[in-house]
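Visitor: I'd like to learn how to read a protein model, one feature at a time. Could you walk me through one?

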Amino acid sequence: MSINATAQSPFNPDHHRVERVLCFTAHPDDIDFGAAGTIAAWTAAGVEVSYCIMTDGDAGGFDPAQREEIVAMRAEEQRRAAALVGVTDIHYLHERDGYLEPTHEVMRGVVKLIREIRPDVVLSMHPERNWNRIQKSHPDHLAVGEAVTRAVYPALENPFAYPDLAAAGLAAYKLPWLWLFAGPEERENHFVDVTAHVEEKLAAIHVHATQHPDLDAMDRTVRALMLETGARAGLADGRSAEAFHVVTINGSGTIAGF
């Protein structure tokens, strides 16, 4: 996997191994817009990637006649889109679209799934609003970021948090890395060169037909944004990238409780 990391990134792909990744988003299609190129690169390298979609996307779409079927339609779209980038393991928390909050019920669900999968990287939407492109900062997106960030420390690694999980055999777990996307550009500290996976990303986005009345415009916008990100990453002209805010949760310098 080709990665271009800025000097600020704590993650060095030459030294830090990634074998399992768990991705949290608010709605079906969020992960495809935000990180499908990186995910395609991971799975091509043999990394196991799982998705957790917190809502069913029940408020999505444009056709009033689809209200009864929209949840099933969006789940099927996400299944097909995920398969295009090498992902088959998809989980849902079944929260209501547009009403997501970082409650303890949601945080418990996050802790439970991370303890089950025990990934090297949790990838999540960012809890901070992007004022340059506010569409990235749907309130549900911010709620995902806040719930996941609260969950990974301290609850995930505290054996006395959500004691019913420990009683069910889900032991506390120290997560190495948290990767956040769709946040403010000034938080970006890590870029992934996804030039080789642009078409897979676009193909995955195309599957979400209920959400995109103008696919040509969507294609142009996504391609332009990836090229802009590539330029911001310092890549050569014509190369595309995805951007992340990488946070070390537990590393060589971590002291418990600090």
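Guide: Let's go from the overall picture to helix packing and then to a few backbone details. Keep in mind that this is a predicted model.

Visitor: How many helices and strands does the protein have?

Guide: There are 7 helices and 8 strands in the protein. Along the principal axes, the C-alpha trace spans about 50 × 45 × 35 Å.

Visitor: What radius of gyration would a compact globule of 258 residues have, and what does the protein have?

Guide: The idea is to set the value for the chain beside a rule for globules. For 258 residues the rule gives a radius of gyration near 18 Å, and the protein has 18 Å, so the two agree.

Visitor: What percentage of the residues is buried?

Guide: Buried means under 20% relative accessible area. By that cut-off, 51% of the 258 residues in the protein are buried.

Visitor: And what about contacts along the sequence?

Guide: Take the contacts between residues at least 6 apart in sequence: 80% of them join residues at least 24 apart.

Visitor: Now helix packing. At what angle do α3 and α4 pack?

Guide: You look at the angle between the axes, then the distance, then the residues that touch. Helix α3 (residues 104-117) packs on helix α4 (residues 139-152) at about 60°, with the axes 9 Å apart. That angle makes α3 oblique to α4. Their crossing is right-handed. From α3, the contact uses V106, M107, V110, V111 and I114, and from α4 it uses A147, V148, R150, A151 and V152. Sorted by class, the contact has 9 nonpolar residues, no polar ones and 1 charged.

Visitor: And how do α1 and α6 cross?

Guide: The axes of α1 (residues 30-44) and α6 (residues 198-207) come within 8 Å and cross at roughly 140°. Angles over 145 degrees count as roughly antiparallel, and α1 and α6 are therefore oblique to each other. The crossing of α1 and α6 is right-handed. On the α1 side the contact is made by D32, F33, G34, A35, A36, G37 and A40, and on the α6 side by E200, K201, A204 and I205. Those residues divide into 6 nonpolar, 2 polar and 3 charged.

Visitor: On to the backbone. Is the peptide bond from Y153 to P154 cis or trans?

Guide: Omega is the angle to check. From Y153 to P154, omega is near 10°, and the bond is cis. You'll find P154 in the loop between α4 and α5.

Visitor: What is phi of R118, and where does R118 lie?

Guide: Phi of R118 is near 50°, again positive in a residue other than glycine. R118 lies in the loop between α3 and β5 (121-125). With a relative accessible area of 28%, R118 is partly exposed.

Terms used
Residues numbered from 1 in each chain as written. Predicted model: local features only at pLDDT ≥ 70, side-chain atom pairs only at ≥ 80, totals over all residues. Heavy atoms only, no water. Axes fitted to C-alpha atoms, helices over the stretch in contact; angles between N-to-C directions. Helix = DSSP H or I, 4+ residues; strand = E, 2+ residues; numbered from the N terminus. Parallel < 35°, antiparallel > 145°, perpendicular 65-115°, else oblique. Left-handed = near helix turned anticlockwise from the far one by under 90°. Contact = heavy atoms within 4.5 Å. Nonpolar A, V, L, I, M, F, W, Y, C, P; charged D, E, K, R; others polar. Rg over C-alpha atoms; globule rule 2.2 N^0.38 Å. Buried < 20%, exposed > 50% of the residue type's maximum accessible area, 1.4 Å probe, protein only.
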